[in-house]
Amino acid sequence: MNVNNIPQIRVIITTILFVSLIPSLICADSWSVSPGFDTDVSGSTSLVNMESFVMESKLKIRAVGEEGVPAGVEYMVSISPIPGTEAAIGTVRTDFRGFILESRGLNTYESERNEWRDQAMVSGAIVNFMKSFTYTSGISL
Amino acid sequence: MNKKIICVIIITIVLALVSISSADRLPNGSNTTNRQIPSETYLEVIGQMSSHQVYQLDTYSNGSHEGGFLDEGETFSSVIYKNDMRTNGGYLAQSKGLKIDEGPQQKGGFNVDSKIVSTYLTDPEIGSKMTSSDSLEMFNSGNYTRSSLVVRNPVVADIIDDYIGGFNSYYKGASAVEMTTGQVATMARARSVGYDDAVPAELRYLIGIHPDMSSGIPYAAGTASTQFAMTNEEGAGNTTEMSSTKAMSDASTVDGQIFTFSKSFVVTSGIEPN
């Protein structure tokens, strides 16, 4: 029995060596912003075991502005194959969330609650994956 | 003996339910302008995908109270949108957009606006499937109010400077789909914050299932179910007596080879000034 197992063990060791030698990439990207009035908006993207891909991400945050200019966040992430190849291979996760509380006039109780969460996970041969997020908040008098 | 059960379903259901009750008054938004697009997604993948999305907007006309009771004239509205989707392999192309505007809306505007189109083709080697569930719910409530609006009423010609009764309303549009091939489109929209008392509350939900023509298969295969519901109760004048209740619900399920399946639900509720 033991003699029969040796070639199998060899195959397993070779496979492990082969898999561990394949180049892969793990990366994460995240941001968080609190523009006031008890607002918390955040997002993150993480890539796991990506073999070949093109990633483009764009983040714009306006947290300090002149009066009347709304606070704003723009975030975009795009995963696509390297030109000439068919697909990007690997796993991408995204997580966007926000929580906003507002009150009215001199009232200390909440008048508005605005809460969201968006999670996505894509795994496999990715031909195109684009996700974007826009948030603006200001005062109109 | 090869036992094959071939189920061919051709269904075209167009259900438009329009209910106008003299009930819902929406809370007005505060002076802040908030516009969010929590997600806009374009995806094309061969492999697995899972996504989970929740959105909630609660608006009080005068701020919340301890105990939750509304004073005379006060209103409250809450909208909840949920979307879950998962595949365990196969080909998926998706375009998905959720737009949010928490500010006050005019007639025709929406606070929550979601559109999703997904095209799916199974991987026959592993028998993969796409499952998705989607729901939009809105709850509106208001205490009685003295109104200077001239309200159209078939019994009494004009109601001027009289009381509009309190109300509780609940609306829901939801769908669940499990398919191996085909295209699903859903649209969910709600208006829960209005500029003034004359802007009606509105919820719209639409689902359509079609074959994916590019796959060469002339039908969509899978199971789809929808659920639409509306309940509404109104008080008489400035009393706590109930003056009217309404309830409606609609559920349907289809299973098999679907050539066309479409269902829509529209509900509006408000005060119509003369």
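In which strand of chain A does Met121(A) lie? Met121(A) belongs to strand β6 of that chain. The structure discussed here is a predicted model, and this report uses Met121(A) as the point of entry to the contact between chain A and chain B.

Met121(A) has a relative accessible area of 19%. Because the cut-off for a buried residue is under 20%, Met121(A) is classed as buried.

Leaving aside residues up to four places away in sequence, Met121(A) touches Thr91(A), Val92(A) and Arg93(A) in chain A, together with Gln48(B), Met49(B) and Ser50(B) in chain B.

## The interface between chain A and chain B

The size of an interface is often given as the accessible area lost when the parts come together. For chain A and chain B, the buried area is about 3,500 Å², and carbon and sulfur atoms give 41% of it. On the chain A side, Arg104(A), Tyr109(A) and Glu112(A) lose the most area to chain B; together they account for 15% of what that side buries. The contact involves 38 residues from chain A and 39 residues from chain B.

## The side of chain A that touches chain B

Two strands of chain A, β5 (88–103) and β6 (110–139), each supply at least two residues of the side that touches chain B. The largest share, 30 residues, comes from β6(A), the strand in which Met121(A) lies. Sorted by class, this side of chain A has 16 nonpolar, 13 polar and nine charged residues.

## The fold of chain B

Chain B contains 14 strands and zero helices. Its pattern along the sequence is accordingly written as β-β-β-β-β-β-β-β-β-β-β-β-β-β. Among the contacts in chain B with a separation of 6 or more, 79% are between residues 24 or more positions apart.

Of the 274 residues in chain B, 51% are buried. The accessible surface of this chain comes to about 12,300 Å², and 52% of that surface belongs to carbon and sulfur atoms.

## A buried asparagine in chain B

Is Asn140(B) buried or exposed? Asn140(B) is buried, because its relative accessible area is 0%. This residue is part of strand β5 (residues 130–142) of chain B.

The side chain of Asn140(B) is joined to that of Asp24(B) by a polar contact of 3.0 Å. Asp24(B) is also one of the residues that Asn140(B) touches, when those up to four places away in sequence are not counted; the others are Leu26(B), Phe76(B), Ser77(B), Ser78(B), Phe167(B), Asn168(B), Ser169(B), Tyr171(B) and Ala201(B).

## A positive phi in chain A

Most residues other than glycine have a negative phi. Asn49(A), however, has a positive value, near 50°. Asn49(A) is found in strand β2 (residues 39–50) of chain A. With a relative accessibility of 43%, Asn49(A) counts as partly exposed.

Key. Residues are numbered from 1 along each chain as its sequence is written. Chains are lettered from A and ligands numbered from 1 in the order in which they are written. This is a predicted model: local features need pLDDT of at least 70, side-chain atom pairs count only at pLDDT 80 or more; totals for chains, interfaces and linings use all residues. Side-chain values use heavy atoms; hydrogens and water are left out. Contact means heavy atoms within 4.5 Å. Buried area is the accessible area (1.4 Å probe) that two parts lose on being put together, summed over both. Helices (H or I, at least four residues) and strands (E, at least two) are DSSP runs, numbered from the N terminus. Ala, Val, Leu, Ile, Met, Phe, Trp, Tyr, Cys and Pro count as nonpolar, Asp, Glu, Lys and Arg as charged, and the others, Gly among them, as polar. Buried means under 20% relative accessible area, exposed over 50%, partly exposed in between (1.4 Å probe, protein chains only). Accessible areas come from the Shrake-Rupley method with a 1.4 Å probe; for residues, only the protein chains shown count as cover. A polar contact is a pair of N or O atoms within 3.5 Å; within protein, one must be able to donate a hydrogen and the other to accept it, and residues adjacent in sequence count only if both atoms are side-chain atoms.
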